[in-house]
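Please read it with the model open.

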Number of protein chains: 2
Amino acid sequence: MERAFGTSPRTTVGFGDDISAVKAFKDRLAVLKTDMLVGSTDIPPGMSTYLAARKAVVANVSDLAAKGARPYAGLVALGLPASLTKREIQRIAYGLRDSAKEYRFPFVGGDTNEADDIVISIALLALMSKGEIVLRSGAKVGDIVAVSDNFGSAAAGLRGLLERGLRPNQLPRELAQAVYRPRAQLDLGVRLASSGAITASIDSSDGLALSLHELSKMSRVGIQLDQIPVSEAALRFAGKYGYEPTDLALYGGEEYHLVVTIGRKKLAVAQRAAEERLKPIGVVTRGHDVVLTQGNRHMKIARKGWEHFRRRR
Amino acid sequence: MERAFGTSPRTTVGFGDDISAVKAFKDRLAVLKTDMLVGSTDIPPGMSTYLAARKAVVANVSDLAAKGARPYAGLVALGLPASLTKREIQRIAYGLRDSAKEYRFPFVGGDTNEADDIVISIALLALMSKGEIVLRSGAKVGDIVAVSDNFGSAAAGLRGLLERGLRPNQLPRELAQAVYRPRAQLDLGVRLASSGAITASIDSSDGLALSLHELSKMSRVGIQLDQIPVSEAALRFAGKYGYEPTDLALYGGEEYHLVVTIGRKKLAVAQRAAEERLKPIGVVTRGHDVVLTQGNRHMKIARKGWEHFRRRR
């Protein structure tokens with residue numbers, strides 16, 4: 001798909017990063033993001049239309065956050081089944097409005113259509129200078145790889161709902177939170193970008209493994225992990241229901257954390273910007289593999305990511 | 001829906017016009033547009049995925065054109081049924097690419113999803129100064145109302161396909177062209193806006209009647225027409241199949257012409273900018289009605305527009 005479009009002199013960042021950016025005025029960039037939420041593959045069982053709308057916003061904001069960009073204005077194009085009640089539609093509007101407020105930008109326009117399934121297609125604009133933006137491509141050999149949070153809670157929650165037949169209220173609180181009320185790390189992303197300490201950054205919504213592979217590919221480096229950051233709630237779930245915890249963390253997806261690389265002497269600066277929330281998990285190496293190294297054991301991390309589920313009807 | 005969102009100090013043009021606009025840098029505006037094409041309601045029988053993608057672009061560009069804004073960059077979010085072949089998907093990409101080329105802007109980013117129906121959600125960015133933009137709200141009593149083309153061809157073509165069971169190749173050429181290969185009046189819109197001769201402007205994609213009513217509502221004026229501009233092809237179709245030609249022209253929709261109001265002494269200036277293509281059809285009056293006046297007969301034009309068809313499967 002992307003290859004069909006080529007590139008243009010206006011384009012500073014095209015397809016292949018979390019966002020796109022075009023030259024706007026002098027050295028100022030217009031940063032653009034679009035992400036579409038589709039009911040059957042993106043709305044888990046038990047999620048209200050209010051929270052679905054919120055999730056659509058979070059998915060878009062998270063990609064901006066990873067670049068250090070604050071959303072400035074948003075558009076929303078909706079596809080709505082004829083069967084939706086007026087009240088459900090209003091809940092979508094409120095979900096959009098409230099989450100836009102949470103991330104401090106206005107929705108300024110939109111388009112409403114009839115469709116067979118709920119579709120919420122959001123486009124965001126951010127304005128920033130060229131030097132401020134952090135791409136996927138800046139990681140250097142020797143940099144530290146770090147994450148903004150532990151992984152696996154959303155994957156565990158989704159597996160509970162989809163594979164174990166749990167009802168939403170049977171999910172442990174942290175898993176329910178991860179599935180139904182994810183948050184974008186906007187302030188953190190902006191602070192990290194302005195700290196000057198991070199060299200590359202990506203949002204983890206397609207899963208930790210794929211995020212690491214994307215950083216690796218776009219920066220033309222390898223990554224060596226010394227640990228997989230698994231959340232305690234995912235560990236407990238994995239123990240109880242017989243899942244492999246590192247699989248939940250690596251290949252789960254639907255989590256809006258940040259995965260960053262930090263200049264080798266800049267960890268303290270980055271941690272100060274991040275209020276000590278970053279968890280170092282490895283280093284940037286030569287090559288192009290993503291490997292987990294523990295003692296003498298080396299294990300390649302597969303380049304696979306989150307496959308959207310299909311909601312059972 | 002729109003009322004849920006309120007307004008913001010950043011917003012120069014919010015919901016309710018063809019586009020939205022936010023203050024970007026000094027007096028420069030970022031003009032934003034999103035329009036979603038949904039297969040079941042927007043793709044007529046016999047339209048290829050290539051031309052459907054083109055139509056999605058035209059619908060977005062046409063709204064910018066009515067404001068005098070050139071698209072600067074585009075995003076596209078796609079919902080694609082799992083049943084679509086790789087080739088069909090490529091045709092969508094080529095349709096997007098070729099039509100973007102036609103209107104001289106690059107697609108710089110996007111998002112691809114699985115969905116039950118084809119969904120093509122486009123967002124466009126344009127950059128312009130505040131004084132350059134022509135809104136729906138500027139019409140003054142005494143202004144001339146004019147259109148960029150005659151109406152009814154697309155409506156006639158769609159009725160031929162949907163109500164008369166005609167095959168695409170049985171449609172007269174002009175009707176097929178109107179249905180399958182609509183064009184946005186981008187150069188015309190930009191020239192008219194820069195001429196300084198037009199006071200308000202709207203794209204006619206929801207139909208001539210609704211466009212006139214929108215101009216009337218947003219400018220707080222009435223409109224008195226002395227004629228309904230019906231295309232010859234629509235007239236012939238109406239005669240042959242027993243339709244009311246003015247209904248086709250007024251309530252048909254799916255046509256991407258411009259409907260503008262022109263300062264009362266500026267018709268010659270506007271016509272020069274438009275290469276004499278404007279057709280005056282009436283004047284702006286006090287009040288809030290849209291009326292057709294012929295001799296002593298006055299007829300109110302109903303505020304009704306194009307209802308998207310549902311494709312038969």
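**Rings, strands and symmetry**

F5(A), F15(A), F105(B) and F107(B) form one aromatic cluster. Rings of Phe, Tyr and Trp (its six-membered ring) pair if their centres lie within 6.5 Å; planes under 30 degrees apart are stacked, over 60 edge-to-face and the rest tilted. This is a predicted model: local features need pLDDT of at least 70, side-chain atom pairs count only at pLDDT 80 or more, and totals for chains, interfaces and linings use all residues. Residues are numbered from 1 along each chain as its sequence is written, chains are lettered from A and ligands numbered from 1 in the order in which they are written, and side-chain values use heavy atoms, without hydrogens and water.

Q: What relation do a rotation of 180° and 0.0 Å of shift give between chain B and chain A?
A: The rotation superposes chain B on chain A with an RMSD of 0.0 Å.

Q: What is the geometry of the aromatic pair F25(A) and F25(B)?
A: A search of the whole structure finds eleven aromatic pairs over all chains. In the pair of F25(A) and F25(B), the centres are 4.9 Å apart and the planes are at 75°. This pair crosses between chains, from strand β2 (residues 20-25) of chain A to strand β2 of chain B; strands are DSSP runs of E, at least two residues, and helices of H or I, at least four, numbered from the N terminus. The geometry is edge-to-face.

Q: Is Y241(B) buried or partly exposed?
A: Buried means under 20% relative accessible area, exposed over 50%, and partly exposed in between (1.4 Å probe, protein chains only). F237(B), at 4%, is buried. Y241(B) is at 24%, so Y241(B) is partly exposed.

Q: Which residue of β2(B) is the bridge partner of T11(B)?
A: Strand β1 (residues 11-13) of chain B pairs with β2(B) in the antiparallel sense over two bridges. Two strands pair if DSSP finds at least two bridges between them. The partner of T11(B) is V22(B).

Q: How many residues of strand β2 of chain B are buried?
A: Strand β2 of chain B covers residues 20-25 and is mostly covered. F25(B) counts as buried at 12% relative accessibility. Of the six residues in the strand, the number buried is five.

Technical notes:
Copies are superposed by least squares on the C-alpha atoms of residues with pLDDT of at least 70 in both.
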